[in-house]
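Here's a quick briefing to read alongside the model. Have a look at the picture first, then go through the points below.

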Amino acid sequence: MDSTRRRRPTADATADAAGDQGVADEDAELFWERHYRTRRTWGAHVNPLLAETAAPLRPGAALDLGCGAGGDAIWLAQRGWHVTAVDISTTAVERVRERARDLGVADRVATEQHDLARSFPAGQFDLVSAQYFHTPFPLLRSRVLRTAARALHPGGLLLIVDHGSTAPWSWNQDPDTHYPTPTEIAAELDLDPAHWSVLRADMPRRQATGPAGETATVIDNILLVQRTAA
């Protein structure tokens with residue numbers, strides 16, 4: 001997701017029963033649909049760690065998980081990537097499609113509405129980007145990210161960028177929030193080292209800008225995984 005979408009960091013969670021899960025899934029879709037319907041501006045920028053990772057790569061097929069306002073998907077398409085941009089919000093994917101058309105890259109951006117707790121886009125990819133892929137709703141996040149890793153072509157990259165600290169403008173100001181480290185995230189994914197290699201696992205600091213223009217130093221937790229064999 002792009003940097004304008006700050007979701008609450010949560011661990012993997014499931015509802016107590018199938019009926020509860022159905023309610024949780026519905027609430028999640030309604031929540032994010034309401035969020036994007038009321039959004040006034042759509043001038044999203046690319047997340048800097050995605051740009052840093054993808055800039056030296058040869059363009060191919062990319063998947064943007066939780067595309068939101070579409071800053072990452074549009075940036076990749078403008079550099080020759082063919083991007084599948086997915087989000088739980090129908091409004092989000094429709095507006096990303098419109099923005100891609102307005103910017104002349106509609107032929108390189110395919111948008112799909114997915115509740116990733118239930119469905120995952122088809123295809124194989126050279127790059128899968130999961131930027132701040134958090135939600136306050138129940139989601140087996142590690143299962144989604146394992147599916148993403150398996151959707152890579154040999155040599156393809158899975159880039160996971162998570163919050164590593166609480167910004168002053170974050171929705172969740174709970175001082176007891178635990179932000180999983182890259183090592184913990186890799187352990188949760190439990191990928192076979194014979195088929196996937198960790199290329200980067202670190203926690204850099206950067207200056208970030210909030211929605212009202214305020215700035216703060218934040219930490220990003222980065223995990224970059226490469227599929228080495230089919």
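Predicted model: local features only at pLDDT ≥ 70, side-chain atom pairs only at ≥ 80, totals over all residues.

Residues are numbered from 1 along each chain as its sequence is written, and side-chain values use heavy atoms, with hydrogens and water left out.

**Helix α4**
- Helices (H or I, at least four residues) and strands (E, at least two) are DSSP runs, numbered from the N terminus.
- Ser 89 caps the N-terminal end, with a side-chain oxygen 3.3 Å from the backbone nitrogen of Thr 91.
- Buried residues in α4 include Thr 91, Val 93 and Arg 99; buried means under 20% relative accessible area (1.4 Å probe, protein chains only).
- After α4 comes Gly 104, with a positive phi near 80°.

**His 134**
- You'll find His 134 in the loop between β4 (125–131) and α5 (141–150).
- His 134 counts as buried because its relative accessibility is 5%.

**α5 and α6**
- The axes (lines fitted to C-alpha atoms over the stretch in contact, with angles from 0 to 180 degrees between N-to-C directions) of α5 and α6 (182–189) come within 9 Å and cross at roughly 75°.
- α5 and α6 are therefore roughly perpendicular, a label for angles of 65 to 115 degrees.

How values were computed. Buried < 20%, exposed > 50% of the residue type's maximum accessible area, 1.4 Å probe, protein only. Polar contact = N/O pair within 3.5 Å; in protein donor to acceptor, adjacent residues only side chain to side chain. Parallel < 35°, antiparallel > 145°, perpendicular 65-115°, else oblique.
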